[in-house]
Amino acid sequence: MHRKLPRVSSLSLIAIVLIVVLAFYADLQNRKAAEQALRTTVHDQISLIRAKLEGNINANIHLVRGLISTLKTEPEMQQDRFAELASNLFTENSQLRNVAAAPGLVISLMYPIVGNEKAIGLDYRANDIQRAAALKVVEARDAVMAGPIDLVQGGQGLIGRFPVFNQVNGKEEFWGLVSAVIDVESLYRDSGLHDPDLSLDIAMVGKDGTGASGAQFFGPEHVLGSRPVVVDVSLPNGSWRLAAVPKTGWQQGFSELWFQRLLIALAGFFILLPIFIFGRLSEQRKKAMDDLQVREDRLQQVSHRLEMALDASKVGVWELNLETREVHWDSRMLEMYGLRSDAPSPEPRDWLNYVHPDDLDRVKAESEQAVATRGPYRSDFRIVLGNGDVRNIRSKGAFHDDGPGARYIGVNWDLTADMRLQNALKQAKSEMERRNSELEKTKAQIEHMAMHDSLTGLPNRRFLDLELSNSALSRDLDSAVHALLIVDLDRFKQINDTYGHAAGDALLVHVSQILSLLVRPSEFVARIGGDEFVIVCKQDTDSDHLNWLAESIVEQMRQPMIYEGKECRFGVSVGISTAGSSATEISQLLVNADLALYRAKSTGRNRFAFYTPELQAKTLHTRKLADEIMRGIEEGQFVPFYQPQYTADNLAITGVEALARWHHPERGILTPDKFLSVAEEFNVMAAIDRVILRQTLKDMKFWSLQGLDIPHASVNVSAQRLHDSELLESLEGLKIPPGTLSFELVESIFLDDCSDVVVRNIERVKELGIDIEIDDFGTGHTSIISLLKLSPRRLKIDRQLITPMIESQAARNLVKSVVEIGNSLNIEVVAEGVETLRHVRLLQRMDCDILQGFVFGKPMSSQDLVNHLRKPMGLTA
């Protein structure tokens, strides 16, 4: 509904608009003129203050620059001379509070000293607060003003810092800084900012000379937001901004305009008053007419909505006159019963013909009961249409006796679609219940899979952790965990590498079956890692049972597994820990059992061990040593020491053996017996081998530059290094000249049962021109077949065979046999452990090829080897 404006003559409306426009224009011009005059006055006053500020600041700066000029001529000026000159600056017209000089950025000259003693000796470079400001001055090569800042002595000061450069031999050289503190209150007073007759509110911004974008440091805050007059105050390397407004505001002088405004307002009021009254009356009349139209529209809308609702809900309306027995159906009722919308309403008896035979008696009884009692009528029934279709109907009616006779008025709903939906929902519910049942089964399967190993079907690590957690909280002794056994397979990796992962999987299933047969019903077996199993004993278990169980496991696992007709031999190591009474001890069970397992493996495998507190202490020591080894590798603490090798026939240098040494930061030089076993256990021997190899190659280049001819060097290679699939790639990148390097392989590498990776790596190493040597020959189980298979360049006879040669004929015969084997296979023989001249003579007579031992020199550093080889050889018996 839109309201029309009151009808007024166009002339009156134009007059009102013209009066208002002229009044506002006149008032605006008067205000502008008055304000412009006032701003001109304010600008003149603030410009005078700016001139005074700049003059006072520049005067103080000129005084300081005079002192600086003297400093340039007297760079070695002392405090007495400085004080004598500086005192002349403090005149009546000066606002200076103190002056300081800092040769080399350290304050050593000050005036006055009284009150400023703490500043003497201040090093700008070491002071976090003033370092940046001082360096800014040096970088700017000109004076820089900072502040105002609060002074320790009280009040505020403006600090000016001046760089001093001297001419030395025609070049500028930085001497230091001179700083002067200007008393801000004196500066303000002398510049007129505190003049009691000043009619302005003044604010200043630009602290530290940052100009209009800087912080406010003087005057009331409201000035900057009151359209002030602004001027800039120039400073060395910066500026301030002065802003001023009249203390009485910009509205002063406008009071004479209020009378004129009042007259205009009264004239407008008397013109508009009759217009408003006339318009108000017209508006009320129009509102009454609009309200009547609105009610008519709403009635029509309600009728239309009711009709739409009846159509949308498929509700038919019926009426039965009880006195005349006349029936009236609307068009929707007729359509609901399969009749044309313009057909006549049926008689009551005709309506009953549509009712389904199975519902007819009930419907007649319900309708007769309602008519007899004049009560409400309700019935759900089915009807059969002329084409045979069946519909579900709900009928409701109410008795009315007002108006033209007693009658029932009611409605019918077609519930056919609802019934179909209800049936569909029942079917869907049944289907959902079936699927929920399947989901529950699937959930149970998933939970079982999440808690069990897919390969062996045993409980997994998650199941074990849950059992241990429940045991720690349980008070039931029968369900509490009393002992844990960790079973770790030995040689599982070799079986995987040799026979494939399928054989490894078969071995894991085989082991799980054996363990499951050995445990009691109250115990269970879990697989917690690749080749690790755990046995959980829940009943009170004594040490005899645990010993029997561990021995049975070790004994059973000694029996080989037959896989595709091949015997796969393996073993196990077992760690055992027993529980105490506290939850903390329960959670520690796995850790303790793991420590016991470590003990079993370190004592030879295929055995078991119980956890003891002493074992934990020893293990912690071992792991501490392992951490030190890893840190030593990272920090380059592992270095090669070299023992020279000589030809047996003419005692000429023929090579060196590189031996790993650990330059421990606290324990000094350590030999391999102090760290080798731990390094092998924690799989870092390969890393140590790489370090020794790279350094040996560097030292060989160093010896060549020193003019020494050392034909080749041999380095030890661990079993772990030979199993490294990336060994060849790393060697190819080193570009090793063929024949200059040998790899020593100890017999304990199991050359008779080495994996395909080891054999392949050895062959590729030989293809790169790197010789193969068998170290410690005679102490292991290397066979002649292994020698033929590997075709090494050299054999090294272990010192355990060389040392007793002097006293034992059997030892001499054994060594001679080894030499003859080497000669027959065209393999050079190296004797290590040659400690006396008698050893040398015996080995020369046996036609041994190369000699190495203390008689020629102990292992030594690269530089010591250079010094050793430059000395004449002196052999002693």
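Contact here means heavy atoms within 4.5 Å. The structure described is a predicted model.

**His664 and its surroundings**

Apart from neighbours within four places in sequence, His664 is in contact with Glu628 and Leu670. His664 belongs to strand β23, which covers residues 653-664. Its relative accessible area is 5%, so His664 is buried, because the cut-off for that class is under 20%. Two polar partners of the His664 side chain can be named. The side chain of Glu628 makes a polar contact with the side chain of His664 at 3.2 Å. The backbone nitrogen of Arg667 lies 3.1 Å from a polar atom of the His664 side chain.

**Helices α15 and α16**

Two packed helices are described by the angle between their axes and the distance between the axes. For helix α15 (residues 589-602) and helix α16 (residues 613-634), the axes come within 10 Å and cross at roughly 75 degrees. The two helices are therefore roughly perpendicular, since angles of 65 to 115 degrees fall in that class. On the α15 side the contact involves Asp594, Leu595, Ala596, Tyr598 and Arg599. These meet Leu615, Gln616, Lys618, Thr619, Thr622 and Arg623 of α16. By residue type, the contact of α15 with α16 has four nonpolar, three polar and four charged residues.

Strands of a sheet pair through backbone hydrogen bonds, either parallel or antiparallel.

Arg325 sits in the loop between β10 (315-321) and β11. How exposed is Arg325? With a relative accessible area of 41%, Arg325 is partly exposed. Not counting residues up to four places away in sequence, Arg325 touches Leu320, Glu347 and Pro348. Arg325 and Arg407 are 82 residues apart in sequence, while their C-alpha atoms are 9.0 Å apart in space.

**Strand β4 and its partners**

Strand β4 (residues 156-168) is mostly covered, with ten of its 13 residues buried. Five bridges link β4 to β3 (residues 144-150), and the two strands run antiparallel. In that pairing Val144 stands opposite Arg161 in β4. Strand β5 (residues 171-183) pairs with β4 over twelve bridges, also in the antiparallel sense. Here Pro163 stands opposite Leu177 in β5. The hairpin of β4 and β5 has two residues between the strands.

**Backbone angles**

| Residue | Phi |
|---|---|
| Asn169, in the hairpin of β4 and β5 | near 55 degrees |
| Arg325 | near 60 degrees |
| Asp847 | near 65 degrees |

For Arg325 and for Asp847, the positive value occurs in a residue other than glycine. Asp847 lies in the loop between α25 (837-845) and β30 (850-852). Is Asp847 buried or exposed? Its relative accessibility is 53%, so Asp847 counts as exposed, the cut-off for that class being over 50%.

A further backbone feature concerns a proline. The peptide bond from Tyr111 to Pro112 is cis, with omega near -15 degrees. Pro112 lies in the loop between β2 (109-111) and α3 (131-140).

Definitions and conventions:
Residues numbered from 1 in each chain as written. Predicted model: local features only at pLDDT ≥ 70, side-chain atom pairs only at ≥ 80, totals over all residues. Heavy atoms only, no water. Axes fitted to C-alpha atoms, helices over the stretch in contact; angles between N-to-C directions. Helix = DSSP H or I, 4+ residues; strand = E, 2+ residues; numbered from the N terminus. Parallel < 35°, antiparallel > 145°, perpendicular 65-115°, else oblique. Nonpolar A, V, L, I, M, F, W, Y, C, P; charged D, E, K, R; others polar. Buried < 20%, exposed > 50% of the residue type's maximum accessible area, 1.4 Å probe, protein only. Polar contact = N/O pair within 3.5 Å; in protein donor to acceptor, adjacent residues only side chain to side chain. Pairing = 2+ DSSP bridges.
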